[in-house]
Amino acid sequence: MTRRLLALTLLAVASATAQRTYTVRMAQGVVRMPAEELTVAALAGEHGAFQRDASLRAMAVAIRTFARAHSGRHAREGFDFCNTTHCQVLRPQRITSRHRRAALATAHEILWWRGKPALAYYHRHCGGMTESAAKVWPGTVAPYLAEKADSYCGREAWSAELPGRTVEVVERSPGGHVRWMLDDGQRMTGDAFRYLIGRESGLNLIRSTRFTMRTEPGRLIFEGNGSGHGVGLCQVGAEKRARAGHDYRTILAAYFPGTTLGVTSEGLAWQRLETARLEVWTTRPALDQVLIGQAEKLLPEAERRAGVPFVARPGLRLYPTAASFEASQGTTGLHLAPRESFTAPLALESAVLRELLRGVVESNAHPETPQWFRDGVVNYLVDPRTVPGMVTLSRRFGRKRVLSWVKLGLPSEAYAGNPAGQSHPGRNTHQQRQ
Ligand SMILES: [Zn+2]
Ligand SMILES: [Zn+2]
């Protein structure tokens, strides 16, 4: 049997679960990325901006929310997001364990407004005053993104000069943002002007819309403060708030007042519980008691079947809704669907056992053991009858040895021959080699 065929046999019985993924145009082409992976890669794209965990976590939520609210913005080009500041800058090669921890600590949490993902814009430095989204992008409905003083970020002054240009401010906000202007007679928003100059010069000359102008012979001098469109989360302000001891919820509430933070639009928040052997994350500790008890009870059974203990203390996440559970698929850790979704007798028990088996296999797996083999082993440990390919392998090489490949990596002989088509599947390895 070829490697591919064996993989297919094992995969065919693996449970297929929907997961929230996005398509992103990267240098190597359009790639598909699970939501949580995109969050981590975008956090890495904001490298250096954050030294504190609280600001990094706030940013993880903003990134995740932005993706959720804006997916499909490049649909006409055949993908969801580009990999530039137009959407979000992703740097998968720069991902560190800090980025992963920040994403995990806020896993699947987004900002909601009126039951929908909020518009979680962010920028580098607001210059002491955030700007209203509706004024920067006319037509945007987001009352939580209003012009508002930010007493944390301080000033970030800049100046620029443009020769031979006639620019006139038509409307300025109370907080000093240029909202409408005439550029050589053409009416545009301050933000559109910023982009226009950037495109023309190839430089970030007009860094924000908080600027004043004065004319000198033959040139126009701009003096401004801040960097970026000024809407939503101010990164420098968020970092300073974190330094002052604010947690990520407080930071997000400051920049997106009136939104709800949570895994669901009802704003359910994760709570962390410790049991004897598990770290459990739940949004409803009282309701989830039964699941937690089951997991604690079945953990030794999972280790017994796998023949190895958990390498690290397993973390188990219990989701309050089917949608939030589906969004978790493809991310690290152990995940369980809401308790209400298990109606058949013993369904809950077998789902818990399956997830624990997946956890013990994954926690012991050699990095080079292929995923299809790991999944096959999990299914085999749940119920050998569902995985004939694995049954054949264990008859041929011995159950213990086949299971050891999870930890040691798959030897080439595991691919050799055609175990499924053998007339004497009971023959042992020794006979096989003669
Ligand atoms: Zn884009
Ligand atoms: Zn600010």
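Which residue in strand 11 is the bridge partner of Glu 168?

## A pairing in a predicted model

The structure discussed here is a predicted model, and within it the bridge partner of Glu 168 is Leu 182 in strand 11. This pair belongs to the contact between strand 10 and strand 11, which pair in the antiparallel sense over 5 bridges.

Taken together, 3 strands form an open sheet in the order 10-11-12, with antiparallel pairing. Strand 10 (167–172) and strand 12 stand at the edges, and because each has a single partner strand, one side of each is left without a neighbour in the sheet. From one strand to the next, the twist averages 25°.

Strand 11 and strand 12 run antiparallel and are joined by 4 bridges, and Trp 180 has Thr 189 in strand 12 as its bridge partner. The hairpin of strand 11 and strand 12 has 2 residues between the strands, and here Asp 184 takes a positive phi near 50°. As a general point, strands of a sheet pair through backbone hydrogen bonds, in either a parallel or an antiparallel way.

Helix 6 (residues 190–201) has 12 residues and reaches 17 Å from its first C-alpha to its last, which is close to the 16 Å expected at 1.5 Å a residue. Its buried residues are Gly 190, Asp 191, Phe 193, Arg 194 and Ile 197. Why do they lie on the same side of helix 6? The reason is that they cover an arc of only 160° around the axis. In general, an α-helix has 3.6 residues a turn, so residues three or four places apart point the same way.

The face of helix 6 turned away from this buried side carries the exposed residues Arg 199 and Glu 200. Just after the helix, Gly 202 takes a positive phi of about 75°.

What covers the buried residues of helix 6 includes helix 5 (133–136), strand 11 (178–183) and strand 12 (186–189). Helix 6 packs on the sheet, where it touches strand 11 and strand 12, and the direction of the helix makes about 55° with that of strand 11.

Notes: Residues are numbered from 1 along each chain as its sequence is written. Chains are lettered from A and ligands numbered from 1 in the order in which they are written. This is a predicted model: local features need pLDDT of at least 70, side-chain atom pairs count only at pLDDT 80 or more; totals for chains, interfaces and linings use all residues. The expected span of a helix is 1.5 Å times one less than its number of residues. A residue is buried if 20 or more other C-beta atoms lie within 10 Å of its own, exposed if 12 or fewer, and partly exposed in between; C-beta atoms are placed from the backbone. The arc is that of the directions from the helix axis to the C-beta atoms. Two residues are in contact if their C-beta atoms, placed from the backbone, lie within 7 Å. Two strands pair if DSSP finds at least two bridges between them. Axes are lines fitted to C-alpha atoms, for helices over the stretch in contact, and angles run from 0 to 180 degrees between N-to-C directions.
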